[in-house]
Amino acid sequence: MSQNTQQTGLQINPPEDPDADQQPAVRGERPWWKRYYPWYAVLGGTVLFNLLYAFPHYFTTDPNDARVQLDPGFHPHLGFLIAHVVTGNLALVTMMLQVWPYLRRTHPKVHRWVGRVYVFGAVVPTTLIVLFVLIPHRANQGSTGLACGAVLWLGTTLYAWRKARLRRYAEHRRWMIYSFSLALFTTYGRIVFMMILHWGLQVNTEILIEGTSWGAWIVNLLAAQWYLEFSARRRGKNLPAGRFNPATGAIRQ
């Protein structure tokens, strides 16, 4: 036996002790940019900026404090604008609660009720006000892009709600992420506009308004799709080639 072992170069290892402690491999810490809460804090800061930017100018109900030019021939214009500001910011606050993992895991009933408020108390009224009141009574700059963004926001939100009613939660999550990305598109446009004014850059205002009214929601939708693809790969949810993934909307090549 020893001769055969020496000739073949094999080594016989002693059996492992079944009583020995076996420690699982320790996974390395994920980098900060792959964690959830830093980006949740950035999102919260964006929502807070929008609240501070919008609300103080409408508390007094003085038409001179409005951020947009009012139509003097349409007297309810300011009232509809205030309603849009209130419901739009309600959408952002309820969106923050909807994407909070702790609330979703530990209080699912609260999560569902907040979702109903987001859909029917915020998104539906604010988009209808934009489409049928504010856009017809504003200047033409950026109106088409703003209308397209509002239609997509309303459509994705109602479709996501429908998927939840059907208990197709993977598709519900996907379309709610699209809805949340569209909820933020005017907020980022305001941030860009404020930064340009702060830096004193000389730009064509009409081109800036037109560009942000289209670019903001297009970029946000692309970012939402990237996040869906990234999160699916991170969880290892790889489908066979040619299969449609309802959670990401992608077809695996």
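How many of the 253 residues in this protein chain count as buried? The share is 33%, and keep in mind that this is a predicted model. The chain has nine helices and two strands, and the order from the N terminus is α-α-α-α-α-α-α-α-α-β-β.

**Whole chain**
- Take the contacts between residues at least 6 apart in sequence: 63% of them link residues at least 24 apart.

**Helix α2**
- Helix α2 covers residues 37–54, which makes 18 residues.
- At 1.5 Å a residue, α2 should span 26 Å, and the 25 Å between its end C-alpha atoms agrees with that.
- On the buried side of α2 you'll find Tyr-40, Leu-43, Thr-46, Val-47, Asn-50, Tyr-53 and Ala-54.
- Looking down the helix axis, these buried residues sit within an arc of 150 degrees, so they line one face of α2.
- Turned away from that buried side is the face with the exposed residues Ala-41 and Leu-52.

**His-77 in helix α3**
- His-77 belongs to helix α3, which takes in residues 77–98.
- With a relative accessibility of 3%, His-77 counts as buried, because the cut-off for that is under 20%.
- Setting aside neighbours within four places in sequence, His-77 touches Gln-69, Leu-70, Asp-71, Leu-134 and His-137.

**Salt bridges**
- The salt-bridge count is two.
- In one of them, the side chains of Lys-163 and Glu-171 come together at 3.4 Å, N to O.
- Arg-168 also forms a salt bridge with Glu-171, and here the closest N and O atoms are 2.9 Å apart.
- Shared partners tie Lys-163, Arg-168 and Glu-171 into one network.
- Are these residues buried or partly exposed? Lys-163 is buried at 6% relative accessible area, Glu-171 counts as buried at 14%, and Arg-168 is partly exposed at 40%.

**Nonpolar surface patch**
- Which residues form a nonpolar patch on the surface? They are Tyr-37, Val-93, Leu-97, Trp-100 and Tyr-102, and together they have about 450 Å² of accessible area.
- Tyr-102 sits in helix α4, residues 101–106.
- The relative accessible area of Tyr-102 is 41%, so this residue is partly exposed.

How values were computed
Residues are numbered from 1 along each chain as its sequence is written. This is a predicted model: local features need pLDDT of at least 70, side-chain atom pairs count only at pLDDT 80 or more; totals for chains, interfaces and linings use all residues. Side-chain values use heavy atoms; hydrogens and water are left out. Patches are made of residues with over 30% relative accessible area and no salt bridge: like charges are joined within 9 Å, nonpolar side chains (Val, Leu, Ile, Met, Phe, Trp, Tyr) within 5 Å. Accessible areas come from the Shrake-Rupley method with a 1.4 Å probe; for residues, only the protein chains shown count as cover. A salt bridge is a side-chain nitrogen of Lys or Arg within 4 Å of a carboxyl oxygen of Asp or Glu. Helices (H or I, at least four residues) and strands (E, at least two) are DSSP runs, numbered from the N terminus. Buried means under 20% relative accessible area, exposed over 50%, partly exposed in between (1.4 Å probe, protein chains only). Contact means heavy atoms within 4.5 Å. The expected span of a helix is 1.5 Å times one less than its number of residues. The arc is that of the directions from the helix axis to the C-beta atoms.
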